[in-house]
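Q: I'd like to take a close look at one part of this model with you. Could you walk me through a pocket and what surrounds it?

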Amino acid sequence: MNSKTLPRLTNQLTYHRPKIRWNEARIPPLSQESKQCLRNLAAYRRPKHKLAFPRTKRAAVLVALFVGRQGDLYVLLSRRSATLRTYAGDTSLPGGKADPEDKSIEDTARREAFEEIGLPRDRNKVPLLCILEPFLAAELIVTPVVVLILDNTLRPMLNADEVAGLFSHPLVSFLSSNPPFPSEPDTLEVPYHSSYEFKGSGPASQGFRVHQFLTGREAGGIKPVFGLTAAMLIRVATIGYAREPDFEVNPPHAATTEGRIAWALLNRPSFRDACEKEGVDLRPAKRIVEALERGETLRKRKEKEKEDIKLETKL
């Protein structure tokens, strides 16, 4: 095949990220902060994958942003149905496991959002901003897909079997310890943001921090934004607003998300079995975990040397 017979290459970036026609968008005017946030998200490119994941363990969530009356960005959140077998009643993002017919992880997120809350799959009305690096859940590897709703006249159609309600929360508030809503007298003792330390299995550096944000709707039965959902929204906000939160996201010496996923692929039975069944190459995961363990051993050795020096100085 010569150059004359080569098929014309399509611009995949243009296809997946259509130019946003702001003059045609049915949204309020954007604040300068929101404009810059959207630019940052649209420019974000996640690091290249080093790991291969079993398809049966892949999942995606849709981080659907929209513009509020004052030009600020909000994210759509759902209250899971009380009849679901897992995480019933929790606050979450629309999403779920990849289906065999999904052509990409973006398709998975869009399909799930359409099925759960009726958000159109139309990429002109709801264009892609970016796709983040994957996150580790208990039994799945979850990828956040960030989109912008350009038509605020769209109305949700909830799937009652999966979703009990839909509400929104300011995106920038996932970078702050201060609530974006007035504090009620009966909630003054409960902080808007809190975090909890967990020690996972595996290397010592597998410890991680779980975050929680109040929604201001707890009196109505809405649960706080917690765990994986909170972690993903902190990451989206950090990229968009180009600044770190006013709290520490991870504990000292925590493993990277990539390191935690690599360890899970090798050691959690459900992941390991799926990798074996699908023929996933686990050599990259082994290299990452070995490097993680070497780094942890070296860190502990240096800490011990420092302690020994302190003891000698005292003597």
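By class, how many nonpolar, polar and charged residues does the lining of the second largest pocket have?

A: Happy to. This is a predicted model, in which local features need pLDDT of at least 70 and side-chain atom pairs count only at pLDDT 80 or more, while totals for chains, interfaces and linings use all residues. Residues are numbered from 1 along each chain as its sequence is written, and side-chain values use heavy atoms, with hydrogens and water left out.

The lining of the second largest pocket has ten nonpolar, three polar and two charged residues. Here Ala, Val, Leu, Ile, Met, Phe, Trp, Tyr, Cys and Pro count as nonpolar, Asp, Glu, Lys and Arg as charged, and the others, Gly among them, as polar. A pocket is an open set of points on a 1 Å grid over the protein atoms alone, where a 1.4 Å probe fits, with protein on both sides within 12 Å along at least five of seven lines; lining residues have an atom within 4 Å of a point. The volume of this one is about 350 Å³, taken as the space filled by probe spheres set on the points, which are joined across faces, edges and corners. Of its 15 lining residues, Phe66, Leu76, Leu154, Pro156 and Leu166 are the closest to the centre.

Strand E8 gives the largest share of this lining, three residues. Strands (E, at least two residues) and helices (H or I, at least four) are DSSP runs, numbered from the N terminus. Six of the eight residues of E8 (residues 163-170) are buried, so this strand is largely enclosed by the rest of the structure; buried means under 20% relative accessible area, with exposed over 50% and partly exposed in between (1.4 Å probe, protein chains only). E8 runs antiparallel to E2, and seven bridges join the two, where pairing requires that DSSP finds at least two bridges. Leucine 166 in E8 stands opposite serine 78.

Not counting residues up to four places away in sequence, valine 146 touches Leu41, Val63, Leu65, Leu128, Leu129, Cys130, Leu132 and Val236, a contact being heavy atoms within 4.5 Å.
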